[in-house]
Amino acid sequence: MSPKNGKPNLSHSQVSEIVKRLYRLTASVIKSLPSYDDQNFYVAPSEGGEYILKIMNSEDSKNTLLIEVQTYTMSFLQQNGIPAQTALPNTSGERMSLEEIDCGFGSQKYLVRLLTYLPGTTISKVPSTTQLLYEMGKTAAKMDTVIKKMKHPHLHVLDREGFKWSLSNVALLEDYLYVLDGEPLLEVVKSVIQAYKSSVDPKRSSFRKCINHGDFNDLNVLVQPNEKEGYRITGILDFGDMNSGYYIHELAITVMYMMIEHPKPIEVGGPVLAGWESVLPLNEVEKDCLYLLVLSRFCQSLLIARYSVTLQPENEEYLMISSRKGVNILQQLWELGKEQVEKLWFETAAQLSDKSERQEQTHS
């Protein structure tokens, strides 16, 4: 993404002006927050409350229907007991507006939304206990089952053909393989893509369809301490990768990102799977493809991050967060092989499910 059609770069005074003009709020505190290719600010107005001002990159800002559906989904989830941000109506009563702003490289149009602020810390900053991994799986499944009930006239925009982050489009990664030229990892990534094409693609008709959040990761989920010395999930952020997909895709994405934060990454799959299946048990074909889908997500994360760094070298630290840790885990998963990894995941999940059932019977 070149600067011309890329990431916004608003100053604090521009943020202050937008908040005043569009929301009639006086920003007393403004803090920049990290972002992949948009711009996010924490805003605390003197009138009270806390908000996140989100300015979409000018390329994505052209796709107003897609952002409208994402914004609607957030409200729908919130209304149905899943903690998501909601967009505030501006002075015109709209929940988003296209603003022409000059960030130093000529006027560009950027979609602007003011979102509610959700309390909590990202899950990446707290210990990944078995209980928390279970909650992640359970919440991801609940979220997808709620979204499945949603009605909106423009849901078709989520059929994002050629969307590089969709787990239906793993074969597209072949266009990015050159970024790993000369690295030992290249052979593993090629092997995973080949295995995906021969062993996952042909079985997709047996996957159950849904709409995916698509980026249910350790930086997009907020938690707060609960009464029992554990943590509860208090927020789900960033719906920018929403796409028409399959339940098993969301589970694979959740497992992959939680592995990155864990001291024993291979052990993550069992608790996340148990939590997921407490809401939505997998069918046999979905189970059979989980291992390769997790590996495929690692490949997407690695390749797309490396490619993005070639476009935004100044943002390397943020872009490579998941990717750096993922290299060793991907190699380890591949070397252990499908049979050994699945045995661990499914046996652990079964034990946790039995334990959970026993606890429920005790309490009832």
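Tutor: A cavity is a set of grid points where a 1.4 Å probe fits but cannot get out, and its lining residues have an atom within 4 Å of a point. Please keep in mind that this is a predicted model.

Student: Which residues line the largest cavity, and what makes them lining residues?

Tutor: The lining of the largest cavity consists of Trp165, Ser166, Leu167, Asn212, Gly214, Asn243, His249, Ile253 and Arg297; they are called lining residues because each has an atom within 4 Å of a point of the cavity. The volume of the largest cavity is about 40 Å³, and one cavity of 30 Å³ or more is counted.

Student: How is the lining of the largest cavity divided by class?

Tutor: Three of the lining residues are nonpolar, five are polar and one is charged. Arg297 belongs to the lining, and because Arg counts as charged, Arg297 is the charged one.

Student: What makes helix H6 mostly covered?

Tutor: Eight of the nine residues of helix H6 (residues 269–277) are buried, namely Gly269, Gly270, Pro271, Val272, Leu273, Ala274, Gly275 and Trp276. They are called buried because each has under 20% relative accessible area.

Student: How do you know which residues have the most contacts inside the largest nonpolar core?

Tutor: Within this core of 94 residues, those with the most contacts are Met259, Val294, Leu330 and Leu333. The largest share, 12 residues, comes from helix H7 (residues 284–311), and at least three residues are drawn from each of domain 1 (12–116) and domain 2 (122–354). Leucine 330, neighbours within four places in sequence left aside, is in contact with Leu185, Val188, Val189, Val192, Leu295, Phe298, Cys299 and Leu302, and these count as contacts because heavy atoms lie within 4.5 Å.

Student: Which residues does the second, separate core include?

Tutor: That core has 20 residues, among them Val15, Ile18, Tyr23 and Ile30.

How values were computed
Residues are numbered from 1 along each chain as its sequence is written. This is a predicted model: local features need pLDDT of at least 70, side-chain atom pairs count only at pLDDT 80 or more; totals for chains, interfaces and linings use all residues. Side-chain values use heavy atoms; hydrogens and water are left out. A nonpolar core is a set of buried Ala, Val, Leu, Ile, Met, Phe, Trp, Tyr and Cys residues joined through side-chain atoms within 4.5 Å. Buried means under 20% relative accessible area, exposed over 50%, partly exposed in between (1.4 Å probe, protein chains only). Helices (H or I, at least four residues) and strands (E, at least two) are DSSP runs, numbered from the N terminus. Domain bounds come from an automatic or database domain assignment. On a 1 Å grid over the protein atoms alone, a cavity is a set of points where a 1.4 Å probe fits but cannot get out, and a pocket is an open set with protein on both sides within 12 Å along at least five of seven lines; lining residues have an atom within 4 Å of a point. Grid points are joined across faces, edges and corners, and a volume is the space filled by probe spheres set on the points.
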